[in-house]
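Please open the model in your viewer and keep the selection tool at hand.

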Amino acid sequence: MDNQTYVRFLAKLNTDKPEDIDREFIITYFLHDDNVLVYEPGQRNSGFAGGKFLEKGKYKNAGNNNQFFSPADFLIGKDVVINGYSFHINDCDEHTKKWYKGNYKPSNEGEQ
């Protein structure tokens, strides 16, 4: 597998804090090494500077017996907890949609 292959998702924090409700994040999952990076794009007048939210690294999925994350963990409409932060995945880019359509075979889960 090409070591530059990744899939990217648009997500929001699962939170009741008014200051965090509208924050958006880009979750990038690197297919070649199971690393995850969470980035917050800058938004004008939001009070948040944007930039790296979680460093690129291998994180364990507490919702899946502390296994490292896999493509099955990142599906539109799902919630995912990364390093204690709960995100709701809202969308993904076109490259990611094409990758899932051609490579991902769900096992008893909703399809992308």
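A residue is called buried when its relative accessible area is under 20%, exposed when it is over 50%, and partly exposed in between, with a 1.4 Å probe and protein chains only. This is a predicted model, in which local features need pLDDT of at least 70 and side-chain atom pairs count only at pLDDT 80 or more, whereas totals for chains, interfaces and linings use all residues. Residues are numbered from 1 along each chain as its sequence is written, and side-chain values use heavy atoms, with hydrogens and water left out. Helices (H or I, at least four residues) and strands (E, at least two) are DSSP runs, numbered from the N terminus.

Begin with helix H1 (94-103). Select Glu-94, Lys-98 and Lys-101, the exposed residues carried by the face of H1 that is turned away from its buried side. Then select Thr-96, Trp-99 and Tyr-100, which are the buried residues of H1. They lie on the same side of H1, because they cover an arc of only 95° around the axis, the arc being that of the directions from the helix axis to the C-beta atoms. What do the buried residues of H1 pack against? They pack against E1 and E8.

Show those strands next: E1 and E8 run antiparallel and are joined by five bridges, where pairing requires that DSSP finds at least two bridges between two strands. Within this pair, Phe-9 stands opposite Cys-92 in E8. Moving on to E7, four bridges join this strand to E8, again in antiparallel fashion, and Asp-79 stands opposite His-88 in E8. E7 and E8 form a hairpin with two residues between them, and Asn-83 in the turn has a positive phi of about 55°.

Now select Ile-27, Val-36, Phe-74, Ile-82 and Phe-87, which touch the most other members of the largest nonpolar core, a set of 24 residues. Such a core consists of buried Ala, Val, Leu, Ile, Met, Phe, Trp, Tyr and Cys residues joined through side-chain atoms within 4.5 Å. Centre the view on Val-36: leaving aside neighbours within four places in sequence, its contacts (heavy atoms within 4.5 Å) include Ile-27, Phe-69, Phe-74 and Ile-82.

Finish at Asn-35, which is found in strand E3 and is buried, with a relative accessible area of 12%. Its side chain makes a polar contact with the side chain of Asp-33 (2.5 Å); the term denotes a pair of N or O atoms within 3.5 Å, where within protein one must be able to donate a hydrogen and the other to accept it, and residues adjacent in sequence count only if both atoms are side-chain atoms. A polar atom of the side chain of Asn-35 also lies 3.0 Å from the backbone nitrogen of Lys-58.
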